[in-house]
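Hi there,

Here is the structure I promised to pass on.

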Amino acid sequence: RGADPRVYEHYNRGKEVTTIDFASSQSELSRLTELIGVAHVILTNLPMSTLKASGLDKETITKQYPSMIYALITPRGMDGSEANGHDLGAFWAESGTAGQFWGNVEESLKRGGSTASLPLQMGEMITGISVVSSIAVSLFHLARTGEGQVAHTSLRRVGVWSGSCLYALLSYDMRTVLPIAVQEKDGYSRTKYPVPSGNCHRTKDGQWVVLLMIDTKKYLVPVLKAFGGIGPVLKVIGLKLTSPRKDPSTGEKLSVIEAAIPIFEFCNAFLAREFGRRTFEEVKELLNKHKLPFTTVNTPAGAAAYQQAWDSGSFYWGGGGRGVEGMKWGVS
């Protein structure tokens with residue numbers, strides 16, 4: 001919203017918006033509950049733990065208002081050990097979709113190659129369409145029966161579904177079938193990616209990891225310190241002080257992003273090198289120790305083997321046994 005208000009206005013056109021900081025006071029929470037009391041639908045993507053702490057969870061609301069349609073978007077589903085986890089990366093990286101752009105990822109190792117970072121808003125758009133569809137069906141059910149219900153979807157589940165068309169093309173060279181997957185994006189190569197704490201790196205044993213820290217003000221210094229101590233932080237400070245503010249060829253003032261490119265290049269190269277020196281388990285231990293959010297870039301096979309996907313209903317079984325060999329499965 002802060003970067004370009006037109007994007008915010010596009011997604012929210014036709015709406016009447018009011019701001020309620022329900023966590024700040026009881027009176028603000030009362031304002032929200034008054035609105036809920038006269039509504040047919042409540043739509044939220046807040047963490048389930050936050051909703052429960054405020055008495056806004058689905059159990060409480062649907063018990064109080066039996067005709068309410070409670071629409072809930074979660075990162076990874078309502079059930080399972082990771083149900084209340086970080087939302088970034090659930091659609092793109094964990095679902096196996098990012099793994100279909102492997103040519104993109106490999107190409108991005110070279111200067112000028114395409115980025116393998118998170119395409120923000122892609123998952124939100126498709127998941128939004130999914131939840132709107134579920135709300136429409138729920139309203140139809142409400143009109144027929146007078147009964148409300150919970151309409152739930154998750155970023156990861158929709159990622160599995162929307163990526164399923166790509167899974168069918170695995171026997172083809174994606175660089176031929178889907179040329180957009182390897183198109184270069186000028187200025188957005190992995191080496192120059194303007195969010196180093198949200199970039200994608202490969203460990204020594206070949207596992208790609210996506211950092212989920214798009215707030216660089218909050219996370220850039222901690223992630224640099226986690227992998228290299230104070231040294232890389234001091235280097236960034238030095239680059240910030242010495243980097244040119246004007247284009248040497250034209251004399252024109254550089255934008256904030258353009259002026260910071262030397263910092264991006266250093267941070268991205270430093271983290272790529274440090275990831276490449278460590279196994280995935282070592283990287284995982286280090287990031288968890290410093291409470292830095294991340295996730296893995298799954299292949300379709302990795303997505304299918306991911307326990308949270310089964311716990312949250314991303315897949316369903318068709319036919320007999322539950323063995324991985326020769327299994328019949330679909331996406332829901």
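Leu-241 sits in helix α10, which spans residues 231-242 (helices are DSSP runs of H or I with at least four residues, strands are runs of E with at least two, and both are numbered from the N terminus). Leu-241 counts as exposed, at 70% relative accessibility; the classes are buried for under 20% relative accessible area, exposed for over 50%, and partly exposed in between, with a 1.4 Å probe and protein chains only. Together with Ile-230, Leu-234 and Ile-237, Leu-241 makes a nonpolar surface patch of about 430 Å². Patches take residues with over 30% relative accessible area and no salt bridge, joining like charges within 9 Å and nonpolar side chains (Val, Leu, Ile, Met, Phe, Trp, Tyr) within 5 Å. A salt bridge here is a side-chain nitrogen of Lys or Arg within 4 Å of a carboxyl oxygen of Asp or Glu.

Before going further: this is a predicted model, where local features need pLDDT of at least 70 and side-chain atom pairs count only at pLDDT 80 or more, while totals for chains, interfaces and linings use all residues. Residues are numbered from 1 along each chain as its sequence is written, and side-chain values use heavy atoms, leaving out hydrogens and water.

There is a charged patch too: Asp-205, Glu-281, Glu-282 and Glu-285 gather into a negative one on the surface. Asp and Glu count as negative, Lys and Arg as positive, with His and the chain ends not counted; the charge is placed at NZ of Lys, CZ of Arg, CG of Asp or CD of Glu. Glu-282 belongs to helix α13 (residues 280-289) and is partly exposed, at a relative accessible area of 40%.

In the loop between α13 and β6 (294-296) you will find Lys-291. Its phi is near 55°, a positive value in a residue other than glycine, and Lys-291 is exposed at 73% relative accessible area.

For a buried residue, look at Val-158 in helix α7 (residues 155-167), with 5% relative accessibility. Leaving aside residues up to four places away in sequence, Val-158 touches Phe-91, Ile-126, Thr-127, Ser-130 and Thr-153 (a contact means heavy atoms within 4.5 Å). The C-alpha atoms of Val-158 and Phe-91 are 7.0 Å apart, across 67 residues of sequence.

Overall, the chain has 15 helices and 8 strands, and 39% of its 332 residues are buried.

Happy browsing!

Key:
Areas by Shrake-Rupley, 256 points an atom, 1.4 Å probe, with all protein chains shown as cover.
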